[in-house]
Structures are given as C-alpha cells and as structure tokens.
6 protein chains.
Amino acid sequence: MRPSNRASNEMRAVSFERHVNKHAEGSCLVKFGDTHVLCTASLEERVPNWMRNSGKGWVTAEYGMLPRSTGERMRREAASGKQGGRTMEIQRLIGRSLRAVVDLKALGEMQITIDCDVIQADGGTRTASITGAWVALYDCLGFMETRQMVLRNKVLKDHVAAISCGIYQGTPVLDLDYAEDSNAETDANFVMTGKGGIVEIQGTAEGDPFSEEQFSTLMSLAKGGIHDLIELQKKVIAA
Amino acid sequence: MRPSNRASNEMRAVSFERHVNKHAEGSCLVKFGDTHVLCTASLEERVPNWMRNSGKGWVTAEYGMLPRSTGERMRREAASGKQGGRTMEIQRLIGRSLRAVVDLKALGEMQITIDCDVIQADGGTRTASITGAWVALYDCLGFMETRQMVLRNKVLKDHVAAISCGIYQGTPVLDLDYAEDSNAETDANFVMTGKGGIVEIQGTAEGDPFSEEQFSTLMSLAKGGIHDLIELQKKVIAA
Amino acid sequence: MRPSNRASNEMRAVSFERHVNKHAEGSCLVKFGDTHVLCTASLEERVPNWMRNSGKGWVTAEYGMLPRSTGERMRREAASGKQGGRTMEIQRLIGRSLRAVVDLKALGEMQITIDCDVIQADGGTRTASITGAWVALYDCLGFMETRQMVLRNKVLKDHVAAISCGIYQGTPVLDLDYAEDSNAETDANFVMTGKGGIVEIQGTAEGDPFSEEQFSTLMSLAKGGIHDLIELQKKVIAA
Amino acid sequence: MRPSNRASNEMRAVSFERHVNKHAEGSCLVKFGDTHVLCTASLEERVPNWMRNSGKGWVTAEYGMLPRSTGERMRREAASGKQGGRTMEIQRLIGRSLRAVVDLKALGEMQITIDCDVIQADGGTRTASITGAWVALYDCLGFMETRQMVLRNKVLKDHVAAISCGIYQGTPVLDLDYAEDSNAETDANFVMTGKGGIVEIQGTAEGDPFSEEQFSTLMSLAKGGIHDLIELQKKVIAA
Amino acid sequence: MRPSNRASNEMRAVSFERHVNKHAEGSCLVKFGDTHVLCTASLEERVPNWMRNSGKGWVTAEYGMLPRSTGERMRREAASGKQGGRTMEIQRLIGRSLRAVVDLKALGEMQITIDCDVIQADGGTRTASITGAWVALYDCLGFMETRQMVLRNKVLKDHVAAISCGIYQGTPVLDLDYAEDSNAETDANFVMTGKGGIVEIQGTAEGDPFSEEQFSTLMSLAKGGIHDLIELQKKVIAA
Amino acid sequence: MRPSNRASNEMRAVSFERHVNKHAEGSCLVKFGDTHVLCTASLEERVPNWMRNSGKGWVTAEYGMLPRSTGERMRREAASGKQGGRTMEIQRLIGRSLRAVVDLKALGEMQITIDCDVIQADGGTRTASITGAWVALYDCLGFMETRQMVLRNKVLKDHVAAISCGIYQGTPVLDLDYAEDSNAETDANFVMTGKGGIVEIQGTAEGDPFSEEQFSTLMSLAKGGIHDLIELQKKVIAA
C-alpha cells in the first residue's frame, strides 16, 4: 500500500498551466501532485562565448528550490554563496534532456534558458521540471516562430518527458512522492522522447543493490508513465 | 495620465491568498497588480547565536527574485555566488518593518524567517513583500497559538503595511508600477502600522531633488494607501 | 541631556582637511567629532560596460570601515570574503547622493570613484562620508578642469551634504553620536543640496513607530544642520 | 573498429598498485589504460555533525583532476573558487557506490574519506575511481582491523566496481577511452557489486535517443567487465 | 643618484604617532616618508580554536591597503571577495615577526590582532607595518599591564623592526621608495630585533640573480637602518 | 643526530622522472626522499591580458597539495573555495624563480604554466617543486624547439634549483624533512642558478632569532646542495 493509496503504476494528478509569466517568452507551471515547479523560457540573442560563430544555438537550464518549498526550510543558495551539488546535477540533467530533442543548428545563434524553480516540493522535482520545461520551450519557440526567427518544427524534433520510479517496500512503483522517495530502496529517473527513445536513465540503490529484473520492471513502469505525460503535453499545447 | 490609467491616488488591485504552501507555518501570495510575491513564514525553535539566552526571539526576512520575474532575465544570485546590494537592502527593510510590530520577548526564544520570493515583478516588490509578509507572520503565529507556544495578540502588536509613492511626470502618484517607477523623478517607500505610526520612510530623488512640500504630498498619498492595505489585511485574516 | 552635553540642535565639531592623499585626484579627511572618514576621488578614463557609448560619465562610491574603527574590532570584510548588507546599502546611498548634483553628460565618458574609508567611527559615518565625498569630488573636478577635461561648474550643479537626526530619550536631536545612535528610538538620515532640495530621506523606527509630527521636527533639525555643513564646505573650498 | 583496436567487449589493461602513499590508512593507484587515479582512504575518528550520536559511521568521497591531467590544461578548481557541477556529481556517485557495500553501523562513529585524484585522464575517470577506491577502502579497514577498531568483513559487505559502456559509431563497446567517449552517441556508467547486484546505472544519449534493446546490450557488456574487474580486485588484495 | 636624492644608506624621514585611535588598546600611525600605515592593536580575551586550553596566547596581524593608497586605484579586496596572495604573504610576515619577540605563554590565553592598514603607499609598506605594529603592540600590552592582565616586560622580550634594501641601478641602497622599488634589480626585506638577532630575511632577484657579496652589503645596510628604527621606537615609547 | 641519520650536509635521495604525463608539453616527477611532486608544463599560445602586445611571454606556476599528501588529511582547497596564503606564497615563489632564468622576450607571446602538485609530502615541497619545475620547463621548451617555435637556449638562460636549510637542535642541516622542519629553530629556503647567482633567499626564525653567522652557515650548506641538484638536473636532461 502506497502512502497516497495510489496503485503501483498510478501517477499523481499532473497538470500544466501555460502563460503564467507575463515577461517570459514561454512559461509553464507544472504540477505533479503537490510538487509544483514554475518553468520559464528566456530567449537571448547571443550564445555562450565558447559557441560563438558556430552557427549553432544553445538550450540550457537552471534549477532552484525556494527555501520553504520543502518540509524543513533549506538555506537559500544565494545566501550560502553557491549552488550545491544536487542543484548542479539536476540543472545539468534538465539541459541535456531538452537538448536531446532540439536541433541546435536550426535554432541558430540564440540561447534559450529554462529556469525551473520549485515552488513546492513533494518528490520528483527533477522529473516535473523536465516535463514542464518542454512546454515552456515549446511556447518560447512559438514566440520565435511568430517573429519569423525559427520554424518551431525544425528546432523541436520531439517531445521529452521524465518520470521517477522506485522500489518501495519491495514493490516497484511509479512517480514517487516524498514519503516514498525518502524511504525507497531503489530510486530511478527516466527521460524519454515521444517516439519512445531513451534520453537518460539514472538508477540508484539507496539500500541494497537491485537486480536487472527489478530494473526492467521500473523501466516498464516508466514507459507507461512517460507515454501518459506526453499525451498530456500534447493536450495542453493543443488547447 | 498614468500608463495604467489609474487616478493619482489609486492603488493597483491588491489581493492576498493565504495557505498557499503546504509546508510553511504561514504563507501568503500577495499581488499588487502584476507584482506577485510569495511569502512564507518558517518557524525554528532556536535563535541566532548572538541572541542565545536572551529570552527573546527573532523575526527576520529573506528576499529573492526568480530570474525571469523581470522583463529581462536576471542572473540567478545563487549562480553568481552572492546576494546583491539591492537584495540585502530590501531584506533588511522587510525584517525591520516586521520587528516594529512584534514583541520579541513575548515570542520567546524562537525564530521566524519570512521568505519573500518575487514570482513576477512589476514595481513595488518591497512594499508588496512587507504587506504580504505580515499576513504570513500572522498565520505562523496562529499556528503557534494553536500549539500553545505563544499568544498571538501578545506577540503581534499591530498591523504593518507598505506602499510606494513617487513623482511621475510632475505629479505625485500612489503605488508605482514598473513603467512609472523606472521613469519617476522621485521615489519613496513608506511603512506604517495600523495605528498610523511610521516605521520606515525612504525617499530618493532619481532626478532633481524634491521639496519638503512634495514629500508631504507623497506622505499623504501613502497614508491613504496604507490605510486601505491594512483594511484589506483585516478582511483577509477574518476570512 | 545628551551624553555629549550638546544642545539638541547642535552638531559636533566638523572639519574638512583637503589634499590628504598624494595619489588621488581629490581627497578629504572629514571629521564629525570622533567620526573620521577619509574620502578619495579616483578618476578613470573609462565607464562601466553598461554605459559605454552613452556619452555620459559615472560617479560611484565605495565604503569601508577599518576593522578597529569601532569599539569592538569588526571582522575585515576582505577576510570574510564579502561586503555586508550595511556596507552595500551605504555605498549605494553615497553614490546616489553625489550623482544627484552631477551632470553626467557634462562629465563625459569618465568615471569617478569616491572611496569613503572610516578611520574611526562614532556614529554618523554615512552622513560624514557624503559630506566629505562632495569635497573630494569637487577637487577631482578641479584637477580635471586644470587639464581641460571638463568645466567643473557644468558638471557639479550644487553642493550636497548629509546629517542624521534622531529621537533620543524622547527628544529630537541633531547629529547623533554612537552613544545616542545605539539608543535612539528613531533614527533618520537626510541628504540635501545647497539650494535646499531633498535628495534622500531615510527614517527608521528603532523602537516604537514615530509620528508625522516627530518626523517634521527631525526634518527641521536636519535642514539647519545641512545648511551649516554646506557653509563649511563653501569655506573649505574657498581656502 | 575502435581507435585502440580493442574488441568491442575488451577492457583496457587494468592495474592496481596498493600502498602508494605513506600517510594514508589505505591507498591505491588504479590504471584503466592511460587513465590513472590515485585513491587514498583517510580515517577520522569523528562523523559529520548531522550524524553525531547516531551510532553509525560515514564513508564519503572527493574527486579532483590535476589541471594537466587532460589534453588541454583545465583551470584549477581551487583557483576558480569552487568545484564544478561535474566534480560534485562524480564525487557524490563515488560516495554512494562505496556506501552501498558498507555497513555503516558496523563501522561505528568514524568517517572514512576517499580522495580520488586523477593524475592522468583518458576517459572513464569515474569508473576507475570507484573501482580503485574500493581497494583503498579495503586497506583502510584492514588498518582498522589490525588496531581492533572494526571487523573488516562486518563492515565491507561486498566488492564494488564500475565500468563505462557506450555506443560508438553504432556499435556497443566496453570501457570507452577519451577518443571514444568524446564521440559516443550514448554513454553509460554501471556500478555493480561482487554478487552481481546493481548499485547505480547512468545512461545518457549524447546524440540521438537510444532504445531499450541497445541499453540491454550495454548492460550485458558492463556485467562482463565488472565481473573481470572484481576478479582483479580479488587478486590484488590476495597479493 | 637616488630619485629622492638620499644617500645610499639614508632612510626616509620616519615618524610614529601613538594613540591615534580612541577605540584600540594600542595604536600607531607610522610614516616612512610618504608611506603611511595605521596600526591598531585589538585585544580579545579568547584565542583561536586550535589554541584553546594551551595556556598560551596568540598575536596575529592583518594587512590591507586602502583602494587609493596607490598611484592607480586598486580594486577593494572586500569587493573582489578575497584577499590576494600578496596581502596574505605580508600579513603572515607581520604576525611571524611580532611573535618572534613575544612570550606567548606569558601573554596567557588572549589574542592580540594587529591591523596594519596602508593609508598611503610609497614603497616599503610591509617594513613600515612591522615597525609600527611593534609600537601598537607595546601600547596594547601597557593597557593590559595597567589592568593587571600581564607584565609587559615578561610578554615583550625585545624590539622588532624591519627595513627594505635593494640594488638600484647597480648600487645597494637602504629603504626603497616606490620609484626605486619598481625598478630595483634586487629587493630584500630584513626583520631584526633590538639585540641584533635576525627574525626574517627575504631577498628576491627582480632581474638578474645577485651574488652573496651583494647580499652581504644589503644586510649591512639593513643592520644600520634597523638599529636607527629601534632607537626611534625607544624614543617614541619614552615620550 | 638527525632523525633520518643523515649527515648535516647530506641531502635526501633525489630523483627526476621525465615524461610522466602523456598530455603535458613537459613533465617531471621529482622526489626529494618521501616528498614527491608532479610538475607539468602546459603551453598556451596566449598571454595574460595585461601582457598583450608586449612582445613578451610569461611563465607562471600553480601549486597544490593532494588532500592526503600530508600526515593528517587537509581540506581540499577546491572544496573550501579558496587557495590559502601558504599556497599562494609558494606558487608565487616558484613562478618568480623560473622567470629568473627565462628570457621572456625570446619566448614570444606565449604562456607556460607549471603545475606543481604534491603527491606526497615530507618537508621541502617548495624546493622540490622549483627544482622539478625547471626540468618540466626544459622539456616544454624542447617540445617548442622541435616545432620551431623557439630556440631553447635563447629562452632558458640557466639552471635553477632550490633547497631548504635549517637549524635543528642547534645544528645547521641541509634539506629538512618533515620531522626536522616541524621542529627547526630556523628555516631557510634558497633558490640559486647554475652560475651560482642567488634568485631568492627566505630565512625565518621559528623560535629565537638567528645570527648573521648562522645564516652564513646555512647559505654555505645551500650552495653545496644546489650545486649537487643542478648536477643531477644536467644528468637527467642528458639521459
């Protein structure tokens, strides 16, 4: 029995709210249950120095948690003077995941920065971030297309979404919330595209090592979850 | 004529949404027009080292802006490795303003940290922060009263709220939005209590110096605005 | 009765010593009683990046306290790796105050940095800094005029000076020293020009809120004090 | 054809040199071909603050690269003032991998820090680090057993080793060197125990997404490689 | 011919002004010509953590330059977020030099911090700092003796002073000013005690290497200079 | 009697191993007994900004210690966020020492960075670093000569080597190891060239001041030691 009474292959209620920020070229408030992440896409007409004159653009991400997004207040990273290892790990993952479905050449020498700020956390903030970031990126590219800067379909090759799975009290479950995540024996994150390709897999044994069979089960759960997430993305961008 | 077509003594639509964060002991999403600030109050049962064994508690504040809360994306302070001067100035102001209406002795050796995070900015983020922070603090003290930790009425001596005024194209106006703020000749922030006492005054000539008469007019506007803000606070906590 | 036996509207002995630094284009050691601040003006023939090609110059300030300028030794900010919030607040204030009387266009694309370093502190370091900085700036512009770089009268539109006032044991007093400042109920800083225009007002209730009437009294005290300070500035530059 | 002419399932020459540091309680210079990592285990009889009085110990890791371990000199992290995201990601991975085979309770309130410093890099530094770190940890626990501080067999529950795999020019290959790593379409790291349990899986599409089948092939390669690495570990500790 | 027309063994005019800071337990403004350093001694009744319960005290120093103490304005170290290598080198040298004449046991578990802040620089700031710091330390110990905390004669075993020498246009000269220092072929600093013992020697070839004979000449010059400095110290503390 | 039973003028076994790094343009693992330092020379075809268009090149050094190079594990400087004062002092010394024998003009606008990383420390790391760095630099210039970038003999004017001496239990001894260094009354480092010129002298009284005679003895010891080191350098580059 999961703390939330969900079935083992049941995701939390997922929603996307677009256009939540009047300044950003694209924005999306994504909710995976009580995990709420505000994703904004910011367009700049310049690329990092190391990419200059490459003819290619760049998509990158930053991630942050509001100090009281969590059960206990965390120290503000701006106050402690640096981003922690977990923050950097996550923002690198979000950036890689998005770039896997972007044609940087078709983007041209421009940079899109996706900020994923966790307003409230209840497990799965990185997977919600990736999934919502795609929507913000989609809208940013729409903004650009309207201004004849790019063709969105050329730049954005596919959907991308992410979900966590884990083994909780011996049972493989989909989309861990905090109560599960903090007690799971194994924790895995999957990032996949609309065509079913795998972009990123991360599996970690929190307690005892896991077996290949267990991992296979987690991947099956993830495939189902990501399929549903991408259907939701399609619905929300069609709205 | 103001860019927003408001009358010179007309505030933007102001709203408070309480209980917006499932973790915080008190929380409030305050909106002054398109300026949206999320205020959370976090209770810790310990005080800063320099206050230990003083028998008194502490109320402090931190302030931050999401990178794309503004028209152009700002660099994330956590990434740049420090909080800027403006951030520190504002969070010190919020803390002082709240402490002006708190009896730290009645609070006892506990610390309440109010985080004011700007989700979207359109001028007046510091005044919205103070005004919303009071609501979050009120709810945090209610949480504590329920647990017999304090008597809220003993700790919280009065309301406190803040508003900006300025001279825009020669006319004194109330509650500047960004379009006005960035062009005002004079910019002033007022923090006052429910009983009409002044907690903080900050007036700055952005262009030419201003006169004592002009400043008087701004203060009159501010008194009216703060009176209304406090009425709104009363209504929202009565809800 | 004030700890220093001064009358309520009596400033401390104020003096300015010019040309105290052989390297700086302008310099002034200003004393407000036991508060001693060394102000140096440094000319650079370039402006910050964000001002390039604007045709305008920039005047900025930095502020620091020697570790033992205070009663208890403070940690050196260079050693702690950052400037504190109070430092940044003060140096921003000094810069704004000076720019209020400078025509940046007439200055041309050059930058003047005023360093205000507190050699010994006894309250009122920010007001002494502003008042002395003006003298250093005056001499720097004189240095430039001699070299046909600017016309001093075109660049420097007016005098500027600053003074603190406060309510100490119920009585409004002018120019607080440390003994008063650390016990004042209300503390206010005023920055005004030679023509009587107000550049900056900052009033803070340290204990109970103050009334508009009290604030008016403080402003009257300040006007008198600043008038005297500007007379002293005139005398010293005429010397 | 691989640049090194290895077969697709062929690892580079792997060697372990123990007792390479006269100060450390355990040490090992591990080589995966031209990738050379110096691993030292340092024992401290105290744990991090957050673990005090838990009755449990802690095993952690730090990772660094000498500035010229790489083809182009990298900036020294000590000089740039912070550890980059990649460094933090890797050291967190090494620490987690080791803790997966350690009984922290049996260790008691002591901390072992494994420093993995890359002397020369040619791809696969994180997998070499984990594999060599296990040997350093083994020797550190031997040092402790000799002094009756622990029973090594109780603390160290199993071997752990790691290997990278990837898809290089369409072919799944084992143990990528730099020439392959920088051009691989897919890059995956596997951490497994002596009993065949999986501790960590990380797979990343550098170019196009990969399929579940491809990932299965990589895992098979990894299982073979890790089996061989653990046989080598057994041989070297028996020596 | 030296730029200052001094004889090769002629120091600049040296002066010490005591009691220049109303807060510090000891203070001295030392001038070596146009090099002016403010030295303050601050007493704390606690020692660094690593010395606790050792029964011994500690004497340490910090060094800083005001931004415009130099010909071109330097960046403020507090603003750049760290002390540079030169600063650290010098403050370590000052501390070592003072400790060479202090009996830390006789001091007891107290710490004296000498801050040496360069108000104006014209070469030789480190030697002026050491020489003036000794006077500030002397007065701090006098302050303590008055309060029966220590016996000054037991704590302070001897005088200590420092001077620079160098080879300027082929000629060994004493007490280099900036014009010489920046062009010297060899630059050396000597720290010696009242009894003629050597505490520290630092000699550096700025251009071609120097010979043992040249170094001997520099040391002779230094001995003469330090003898004179110590006579001056004796005179000033007798005043 | 020295802890190592060496005669007072006897160095530890010294060895140089060249070409120890496949990436660096020059490299050398230098051992002074149990002190092992890896020196790599990295060539960049650009100079620091302040040297641009000077027609001259630059040789600089960086120094680091692996965390467990020492008896007790030291905190990693990259983790603590800055290089300590000792590190900066040493790397500045290494750079100055090398530049004393380099003709920067003959090098042309190129920069060579020598990284000296202490793999294992047992006293004398700075002198071993300088001595080994010369070999790495020699090989880097050889690499450049092969590519017709410079004439090695024009750039490298002489050998340079360094040794420590000290007074240990009253006796002047050569090449202190850690056991001696941590207990020496006086500690001195000498850097000299092949022609016998002195590049740098640093002598420090750790306990009582030392006399000119004692210092002379140390210098004699150093001259002998450096002569031998340079013979060894000659042998190793001839190999």
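Trainee: Over how many bridges do E6(D) and strand E7 (residues 171-174) of chain D pair?
Mentor: Some ground rules: this is a predicted model, where local features need pLDDT of at least 70, side-chain atom pairs count only at pLDDT 80 or more, and totals for chains, interfaces and linings use all residues. Residues are numbered from 1 along each chain as its sequence is written, chains are lettered from A and ligands numbered from 1 in the order in which they are written, and side-chain values use heavy atoms, with hydrogens and water left out. Strands here are DSSP runs of type E with at least two residues, helices are H or I runs of at least four, both numbered from the N terminus, and two strands pair if DSSP finds at least two bridges between them. E6(D) and E7(D) run antiparallel, and the number of bridges is four.

Trainee: Which residue stands opposite D:Cys165 in E7(D)?
Mentor: The hairpin of E6(D) and E7(D) has two residues between the strands, and D:Gln169 takes a positive phi near 50° there. Across the pairing, D:Cys165 faces D:Leu174.

Trainee: And what is the bridge partner of D:Ser164 in E8(D)?
Mentor: E6(D) also pairs with strand E8 (residues 186-193) of chain D, antiparallel and over eight bridges. In that pairing, the partner of D:Ser164 is D:Asn189.

Trainee: How many residues of strand E6 (residues 160-168) of chain D are buried?
Mentor: Buried means under 20% relative accessible area, exposed means over 50%, and partly exposed is in between, with a 1.4 Å probe and protein chains only. In a regular strand, side chains alternate between the two faces of the sheet. Here D:Val160, D:Ala162, D:Ser164, D:Gly166 and D:Tyr168 point one way, D:Ala161, D:Ile163, D:Cys165 and D:Ile167 point the other way, and all are buried. For E6(D), that makes nine of nine.

Trainee: Moving to chain F, which residue is the bridge partner of E:Glu200 in E9(F)?
Mentor: Strand E9 (residues 198-205) of chain E pairs with E9(F) in the antiparallel sense over five bridges. On its own chain, E9(F) is joined by seven bridges to strand E8 (residues 186-193) of chain F, also antiparallel, and there F:Asp187 has F:Thr204 as its partner. The partner of E:Glu200 in E9(F) is F:Thr204.

Trainee: Why is E9(F) largely enclosed by the rest of the structure?
Mentor: Look at how its residues are covered along the run 198-205. E9(F) is largely enclosed because the buried count is eight of eight.

Trainee: In chain C, which strands are the edge strands of the open sheet?
Mentor: Five strands of chain C form that sheet in the order E1-E2-E3-E5-E4, with mixed pairing. An edge strand pairs on one side only, and that applies to strand E1 (14-18) and strand E4 (58-65).

Trainee: Which residue's side chain joins that of A:Arg18 by a polar contact of 2.7 Å?
Mentor: A:Arg18 lies in strand E1 (residues 14-18) of chain A, and its side chain also reaches the backbone oxygen of A:Val236 at 2.9 Å. A polar contact is a pair of N or O atoms within 3.5 Å; within protein, one must be able to donate a hydrogen and the other to accept it, and residues adjacent in sequence count only if both atoms are side-chain atoms. The partner at 2.7 Å is A:Asp139.

Trainee: Last one: by what turn can chain A be laid on chain B?
Mentor: Copies are superposed by least squares on the C-alpha atoms of residues with pLDDT of at least 70 in both. The RMSD is 0.0 Å and the shift along the axis is 0.0 Å, with a turn of 180°. The two copies are thus related as by a two-fold rotation axis, and in chain A the C-alpha nearest that axis, 1.8 Å from it, is that of A:Ala78. So the turn is 180°.
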